[in-house]
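Please look over the chain shown below with its helices in mind. The report is meant to be read beside the structure.

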Amino acid sequence: MTANAPITQDVLTLPRKLPEGGKTNIVGLTREQLREALVAAGTPEKQAKMRLGQIWQWVYHFGIRDFAAMTNLAKDYRALLAEHFVIEVPEVVSRQISADGTRKYLVRIAGGHEVETVYIPEENRGTLCISSQVGCTLTCSFCHTGTQKLVRNLTAGEIVGQVMLARDDLGEWPKPGEPKDETRLVSNVVLMGMGEPLYNFENVRDAMKVVMDNEGLTLSRRRITLSTSGIVPEIARTAEEIGCLLAVSFHATTDEVRDRLVPVNKKWNIATLLEALRDYPRLSNSERITFEYVMLKGVNDSDADARRLVKLIAGIPAKINLIPFNEWPGAPYERSDWERIEAFADIIYKAGYASPIRTPRGEDIMAACGQLKSATERARKSAREIAAEAGLSG
Ligand code: SAH
Ligand code: SF4
């Protein structure tokens, strides 16, 4: 793919029915979808609501995967469920633990594809970074995932499943009968792994509905942050249909530079993007938008950039998250020097915006922002191609 290749959403999404045995996976169905599926499988309409509540609690509150363990359901009904349904989360192929405690899971999904999920423990909280696509259609020149062609969208079940497999690994499911433990290991979810979540809107939305449901995984919408490269037509919908916090991969203060870093800017430029963002806090009833800004030496890190950035976002409730560039093999950029990052942060801070510098986590296991990339890629680009797309050399 070249930088000018059409940006396409034409990707394969798996049907909800699993191919083997034709059973439906419960994981990832919204309440309404699960209710309908239960009725279709023979649950009497009158009981459907109650059965739904019971099953939901077993699956999302207790993390149970086996119908036989659902002890408040009659044996016959459990057998009926087992005939029609499975409770499946993607398989963890490998787990790496960084010196700083960050955990990176290589996760296998149907079709043998792989994505990565990263758990970042912090004091009194923990953030799970989940993927929404295998690869990405976009080709941001500083991003490792962008060098991998899009293979397919994740299903809602595969997105919710990443939260569940992390809880499995961390031993975070409460035991029936035991008091609720209020300390949450997975307290926040960020859609900042592989893929562009707004190019897989319905599945991401349905998955987040399940994650936010207040009788299961119960992560509130303020603990979920969706990061987008700027898919303008989906931004208002995100506010209305998901209502989570929004982060935007901004990364540049002129269209000329943003075209090179985030090529989707050629479709929706900075002015168009900002216009869509202005309405987001009101539509989603959230306080502010996070502007992500990757610090690339000599590319977007000057004092003039910092001043332009402040001017551009004037009037938008915002926080600017400065991300020191994380290197990957063949990357055509370097991380800005620390003093440069601090000087940049200072200009933004003095203009009245929070400007935290994101500490790279899990770099030793290639789990930091933008370093994710699965081994099942279809077409690896060479370092030269990447540099050419970035406009750095012929
Ligand atoms: N596709 C979405 C979400 C995934 S990327 C998006 O682009 O927003 C998550 C964040 O990591 C984005 O802000 C992205 O720009 C940033 N990122 C990508 N590659 C990076 C790298 N090599 N170093 C630092 N941050 C990077
Ligand atoms: Fe895709 Fe986001 Fe990487 Fe751009 S930064 S290539 S949108 S994953």
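This is a predicted model: local features need pLDDT of at least 70, side-chain atom pairs count only at pLDDT 80 or more; totals for chains, interfaces and linings use all residues.

**The chain as a whole**

The secondary structure of this chain comes to 12 helices and 13 strands, and of its 394 residues 55% are buried. When contacts between residues at least 6 apart in sequence are considered, 68% of them join residues that are at least 24 apart.

In helix 3, which spans residues 75-84, the buried residues are Y77, R78 and L81. Because these residues cover an arc of only 105° around the axis, they lie on the same side of helix 3. The other side of helix 3 carries K75, D76 and E83, which are exposed. The cover over the buried residues of helix 3 includes helix 1 (31-40), helix 2 (48-61) and strand 2 (85-86).

Such a pattern can be read against the geometry of the α-helix, which has 3.6 residues a turn, so that residues three or four places apart point the same way.

Helix 6, residues 235-242, has I235, T238, A239 and I242 as buried residues. They cover an arc of only 110° around the axis, and therefore sit on the same side of helix 6. The partners against which the buried residues of helix 6 pack are helix 5, strand 10, strand 11 (245-249), helix 8 (270-278) and helix 9 (280-284). Just after helix 6 comes G243, which takes a positive phi of about 75°.

**Two helix pairs**

Two packed helices are described by the angle between their axes and the distance between the axes. The table gives these values for two pairs.

| Helix pair | Axes come within | Crossing angle |
|---|---|---|
| Helix 4 (residues 156-170) and helix 5 (residues 201-212) | 8 Å | roughly 40° |
| Helix 10 (residues 303-312) and helix 11 (residues 338-350) | 9 Å | roughly 30° |

On the helix 4 side, A156, I159, V160 and V163 take part in the contact, and they meet N203, V204, D206, A207, M208, V210 and V211 in helix 5. The residues of this contact of helix 4 with helix 5 divide into 9 nonpolar, 1 polar and 1 charged.

For the second pair, the angle of roughly 30° falls under the 35 degrees that count as roughly parallel, and helix 10 and helix 11 are therefore roughly parallel to each other. Helix 10 passes helix 11 in a right-handed crossing. The contact is formed by D303, D305, A306, R307, L309 and V310 of helix 10 together with R340, A343, F344, I347 and I348 of helix 11. Its residues divide into 7 nonpolar, no polar and 4 charged.

**A residue in a loop**

Is S220 buried, exposed or partly exposed? S220 is placed in the loop between helix 5 and strand 10 (224-228), and it counts as partly exposed because its relative accessibility is 36%, a value between the 20% under which a residue is buried and the 50% over which a residue is exposed. From C-alpha to C-alpha, S220 and K209 are 9.9 Å apart in space, with a separation of 11 residues in sequence.

Notes:
Residues are numbered from 1 along each chain as its sequence is written. Chains are lettered from A and ligands numbered from 1 in the order in which they are written. Side-chain values use heavy atoms; hydrogens and water are left out. Buried means under 20% relative accessible area, exposed over 50%, partly exposed in between (1.4 Å probe, protein chains only). Helices (H or I, at least four residues) and strands (E, at least two) are DSSP runs, numbered from the N terminus. The arc is that of the directions from the helix axis to the C-beta atoms. Contact means heavy atoms within 4.5 Å. Axes are lines fitted to C-alpha atoms, for helices over the stretch in contact, and angles run from 0 to 180 degrees between N-to-C directions. Ala, Val, Leu, Ile, Met, Phe, Trp, Tyr, Cys and Pro count as nonpolar, Asp, Glu, Lys and Arg as charged, and the others, Gly among them, as polar. Angles under 35 degrees count as roughly parallel, over 145 as roughly antiparallel, 65 to 115 as roughly perpendicular and the rest as oblique. A crossing is left-handed if the near helix is turned anticlockwise from the far one by less than a right angle, and right-handed if clockwise.
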